[in-house]
Amino acid sequence: MKGLNIVILAAGKGERMVSSKSKVMHRIMGKPMIGHVVDRAETLYPEAVSVVVGYQKEQVEGYLKGRNVRFCIQTEQKGTAHALLTTESFLRDGPILVLYGDVPLMEDSTLKNFLDTYKKTGEITFMITDVENPKGYGRVITKNGLISKIVEENDTTEEQKKITAINTGICIMPRNAFDYLKAITPGNKKGEYYLTDICDVAQKDGRQVRSYHHRKASEVLGINTRRELLNASIIMKDRILDRLMNQGVTLLDRNIYVETQVTIGKDTIIYPNCYLTGNTSIGEDVTVGPNCVIHNSTLKNSVVVESFVNIDGAEIEEGAVLGPFSRVRPASVIGKRAKIGNFVEIKNSTVKEGAKASHLSYIGDSEIGRNVNIGAGTITCNYDGKKKNKTVIEDNAFIGSNTALVAPITVGRNTVIGAGSTITKNVPEDALAVARAPQKHIKGYGRRR
Ligand code: UD1
Ligand code: CA
């Protein structure tokens, strides 16, 4: 909308969260509440977005660094009207839409409809909704379809407590109504400057205050407690799962946790109890078996992840097969059609196309060539007590079971290493390396003992 100013109030402490963190920095499906609100604001193509910060402002500013928002500092939290006043120097001529940093579940269409309705009247408008239990919210008193007053919980009479129409906090006003804020006084039990008191001031000046009723309360309610935070996560999670299913992803259960940023391609199947977080991107036709944790990782098309696999900060190329019970740690790349089997741990290593480590291995700080076979029990001894050293295993090498590769070391292409070897020197190409005590036979020993 042309000239639209959006202000996000996020300076408050949020006492009821019992936290040393700013309330708006608490995460919902992996993203701080304030991040969700800024995302919603951006969908409206505003002229400017101002975020009012105060309590723990460094956290909020740090998180939003790089986003197209300006920060207004409210040093003392004297109320929502006081907070809004701090944005004055940043405001353009257009209307001012006020969002709350602790109301993160709004849908894009809700805000768009709210703006469209405002455009018809150009008058101060509060978004209101109905709730079963209105405790804690500002009660909206209407007369002839207009708002006459919004009374905060602390200031309600017994009669007013029963009102179920509540203020969501979301409101919009024309630029020329901003000056009314300056006339608001802290004449309430809390001694704060309430934005909701703009109703009185505007009416005294002969202006009307409108309400916009939104039906789906759960989407426009504020988060003040950990309980509400959990409820919000459940709602957001369901939305994410619905979005994924609409995009062609099969989920075998609702008990799958997928954070906001995660993307998943079509025909991928996710089994129950998976936990997909951070900047994870999963391709098409992938299978993620039950109980997997995948964080900040990329899985290309047709990857198969069997049960109980943990992948963090890794890239898994097309058609690779992992698990069950594998762990792939940061800075690892698993090549096309490679296989990482049970109880194999990979760290900071590249495993190239077609290579296999099927059982019980540790591969750290290594480069594993094409079609290498790593036998069961192979360990790259990468740590000498002071620093990490590199292991290079070139293409087509065959590493026998229970081999210890003492890094730094290079194993040439096409080599074979005998099972049980402890390899401390580089192995040339095409060689057989065996480094273990030769087997002796003592004849008749069994009979004599
Ligand atoms: C507010 C509304 C109430 C509404 C409810 C909906 C007022 C006076 N009351 O009450 O009518 O039903 O939201 O959720 O507006 N903030 C600041 N600076 C301040 C105070 C608050 O930036 O000095 C920010 C907070 O960080 C928060 C938002 O404003 O994001 C709302 O503040 P909060 O104290 O939670 O208001 P409520 O009591 O919930
Ligand atoms: Ca609140």
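Visitor: Which of the 22 residues around ligand 1 come nearest?

Guide: Please bear in mind that this is a predicted model. Among the residues around ligand 1, Q74, G79, T80, E152 and N167 come nearest.

Visitor: What is the make-up of the shell around ligand 1: how many residues are nonpolar, polar and charged?

Guide: The shell holds 11 polar residues, 7 nonpolar ones and 4 charged ones. At least two of its residues come from each of β1 (5-10), α3 (80-85) and β10 (165-173).

Visitor: Which polar side-chain atom lies 2.8 Å from an oxygen atom of ligand 1?

Guide: A polar contact is a pair of N or O atoms within 3.5 Å. Here a polar side-chain atom of T80 lies 2.8 Å from a ligand 1 oxygen. The backbone takes part as well: a polar backbone atom of G79 is 2.8 Å from an oxygen atom of ligand 1, and a backbone N or O atom of K78 lies 3.3 Å from one. The protein buries 91% of the 750 Å² that ligand 1 exposes when taken alone.

Visitor: Which residues are the protein donors of the calcium ion (ligand 2)?

Guide: The donors are D102, through OD, and N224, through OD1, at 2.5 to 2.7 Å from the ion. They are 122 residues apart, with D102 in the loop between β6 (96-100) and α4 (108-121) and N224 in the loop between β11 (209-213) and α7 (226-246).

Visitor: Why does D102 count as buried?

Guide: Buried means under 20% relative accessible area. D102 counts as buried because its relative accessibility is 13%. N224 is also buried, because its relative accessible area is 12%.

Notes. Residues are numbered from 1 along each chain as its sequence is written. Chains are lettered from A and ligands numbered from 1 in the order in which they are written. This is a predicted model: local features need pLDDT of at least 70, side-chain atom pairs count only at pLDDT 80 or more; totals for chains, interfaces and linings use all residues. Side-chain values use heavy atoms; hydrogens and water are left out. Donors are N, O and S atoms within 2.8 Å of the metal (3.2 Å for Na, K and Ca); water is not among the atoms, so sites may look incomplete. Helices (H or I, at least four residues) and strands (E, at least two) are DSSP runs, numbered from the N terminus. Buried means under 20% relative accessible area, exposed over 50%, partly exposed in between (1.4 Å probe, protein chains only). A residue is near a molecule or strand if one of its heavy atoms lies within 4 Å of it. A polar contact is a pair of N or O atoms within 3.5 Å; within protein, one must be able to donate a hydrogen and the other to accept it, and residues adjacent in sequence count only if both atoms are side-chain atoms. Accessible areas come from the Shrake-Rupley method with a 1.4 Å probe; for residues, only the protein chains shown count as cover. Ala, Val, Leu, Ile, Met, Phe, Trp, Tyr, Cys and Pro count as nonpolar, Asp, Glu, Lys and Arg as charged, and the others, Gly among them, as polar.
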